[in-house]
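Here is a short briefing on one protein. Look over the sequence and the model before reading on.

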Amino acid sequence: MSDKKIEYIESWTRSPFDEKIILEAKTILKEFESGKNSPEIEGYTVPLEFGTGGIRGVIGNGIGRMNLYTVGRAALGFSKYLVKKSNKPLLIIACDSRRMSREFTNTTAKVAASLGIRVKIFKEVTPTPMLSYAIRYYKATGGVVITASHNPPEYNGFKAYLADGGQLVSPDDKKIISLINEITDWNEIPVNKINPSEKSLISYVEKKVFDEYKKKVKLSHVFNKKIKSETRKKLKIVYSPLHGTGGVYMKELLNSLGYKNVFLVPEQSKPNGEFPTVKFPNPEEKEALVLCEKTAKEKNAEIFIATDPDADRLGIGVRNALGEYVLLNGNQVGSIMAAYLCERAKHTKSKTKPVLCKTIVTTDLQERIAKKNSVELKNVLTGFKFIAEEMAKIDKNPKKKFLFGGEESYGYLPVDFVRDKDSLSSAVLILEILCEKKDLLQYLDEIYLKYGLFMESLKSITLKGESGKQKIFDSLELLRKTDLIGKTIGNRKIVSFLDYKNKIVKGAAKKNSLNSFPISDVIQLELGGNAKLTIRPSGTEPKVKIYSSFMYEGKIQFVSELASKKKVLLDEIKEAETQFLKIAELNG
């Protein structure tokens with residue numbers, strides 16, 4: 001392994017790299033050979049892995065960092081695959097507001113054009129869902145978005161899509177990864193300026209793409225024609241793109257649908273890859289929404305909305321009866337959307353069966369919602385690409401139609417003409433629900449009373465570097481070797497053990513319950529009384545994630561009972577997490 005790492009470093013000590021990089025690489029080589037270890041050394045010795053979505057990492061030099069060469073390598077392998085897929089390949093490229101995003105965009109375009117691929121680039125920073133839509137609009141062979149989603153400023157990423165507008169899934173992912181891994185000579189990657197013949201292959205995405213997207217949203221089930229236009233006009237909405245791509249798009253979309261009182265958070269309205277007002281530009285983080293709440297109070301808004309830098313995730317805060325703003329998590333927002341659409345579908349005459357898709361770590365409240373409204377439910381692995389894959393199957397079945405897809409990590413898709421989570425159409429849907437129901441918090445309570453009270457939690461443990469990866473691996477292997485059936489966590493017994501990696505099922509769960517899932521490094525425990533604990537390594541960050549979803553076991557008749565029962569559940573979840581981490585030896 002050391003020989004391979006030396007090889008990685010040495011490849012940066014010669015052409016095509018400049019003197020500054022060569023000197024840095026030689027210094028890193030000396031430090032590595034002397035036995036030192038550091039993040040800088042790992043940047044040269046631990047390659048960025050092209051996962052099933054793409055690559056993401058810290059910007060810097062070396063095979064383990066995001067730079068023109070690692071991005072160019074990913075682009076070259078992907079472009080070689082597109083050439084195999086089509087005689088006249090077309091690639092669409094979008095990017096967010098991050099450091100190096102435009103440079104990585106140009107490199108990707110240059111690499112693709114060097115192989116004779118036609119390229120269309122979004123002129124301005126663009127939401128990821130618009131990239132997905134544009135691929136479908138142009139009937140392109142594939143797409144790339146340069147983004148690191150909600151990561152800190154020092155990160156960037158390269159995310160690849162195929163012709164359906166969805167991220168890479170099997171078998172394409174393995175073929176593309178293989179083509180990338182075959183590229184071992186950095187001189188093979190064309191990162192110099194675009195020449196005239198290549199320039200003729202590159203053009204910009206036209207504005208009509210977004211215009212068509214807006215029309216489709218208005219014609220979809222997201223837009224409720226029964227709501228009076230005056231209701232939309234009166235609604236006061238505060239929106240923050242968190243220095244990302246959503247600002248112009250969100251405001252224009254909402255205005256076009258009759259929402260005229262849309263106020264952008266002034267300090268966060270413009271694209272800025274340094275994200276100066278937040279520690280993490282993530283709508284899942286309460287700290288990121290402080291300025292949203294401040295502006296909402298100033299404007300006396302009924303709701304505030306925030307999206308992450310590439311505008312695929314959506315977070316909201318809703319004003320309650322006391323004039324305070326309540327943050328709703330991804331499971332709650334997704335369940336409101338799911339209930340609303342399922343309840344409407346139940347009362348809509350149709351020859352096709354509606355299908356709701358969710359990930360295995362998303363609340364099972366949505367499963368109960370679907371069942372009670374005669375909507376088919378499909379559980380998929382974590383990652384929106386699996387929802388997109390399911391949508392492709394639904395497209396081929398004339399007896400079914402896609403209704404809604406969602407995941408607990410603030411990603412939702414209520415339309416069938418995009419193949420990735422979409423904060424734009426999701427924002428429209430949540431506002432339409434607010435217009436009709438008047439009070440989202442009251443509607444959520446009604447959902448709990450009707451379908452069951454569920455509370456959820458996500459605990460992330462950051463474990464950086466190779467030692468961190470090993471610790472995560474060891475913890476999951478320990479769980480696999482431990483006989484957990486019948487043991488008690490919190491007040492509940494473990495009734496089922498599901499290992500998605502080795503396709504092992506123990507306990508009460510059906511033995512074939514994992515057959516339809518791809519292999520994935522996930523362990524899920526099912527506990528008595530409709531509760532689950534799930535553990536998996538993050539696919540994009542140096543973290544291990546523990547997801548909890550617990551249903552209250554007793555009867556609840558009145559809204560006034562919910563507050564105390566929620567506290568009981570959350571206390572139980574906290575205790576269960578502590579015990580679970582101890583079993584996995586992740587408690588310190």
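What radius of gyration would a compact globule with 588 residues have, and what does the protein have? A compact globule would be near 25 Å, and the protein has 24 Å, which agrees. The radius is taken over C-alpha atoms, and the globule rule is 2.2 Å times the number of residues to the power 0.38.

This is a predicted model: local features need pLDDT of at least 70, side-chain atom pairs count only at pLDDT 80 or more, and totals for chains, interfaces and linings use all residues. Residues are numbered from 1 along each chain as its sequence is written, and side-chain values use heavy atoms, without hydrogens or water.

**Overall build**
- The protein has 19 helices and 22 strands (DSSP runs: H or I of at least four residues for helices, E of at least two for strands).
- The C-alpha atoms fill a box of roughly 70 × 55 × 50 Å along the principal axes.
- Of the 588 residues, 57% are buried (under 20% relative accessible area with a 1.4 Å probe, protein chains only).

**Aromatic rings**
- The whole structure holds 17 aromatic pairs (Phe, Tyr or six-membered Trp rings with centres within 6.5 Å; planes under 30 degrees apart are stacked, over 60 edge-to-face, the rest tilted).
- Trp-12 and Tyr-44 pair edge-to-face, at 5.9 Å centre to centre and 80 degrees between the planes.
- Trp-12 lies in the loop between helix H1 (2-10) and helix H2 (19-33) and Tyr-44 in helix H3 (residues 39-45), so their pair ties together parts 32 residues apart in sequence.
- Trp-12 is buried at 0% relative accessible area, and Tyr-44 is buried at 1%.
- Phe-17 and Tyr-69 also pair edge-to-face, at 4.7 Å and 65 degrees.

Methods. Buried means under 20% relative accessible area, exposed over 50%, partly exposed in between (1.4 Å probe, protein chains only).
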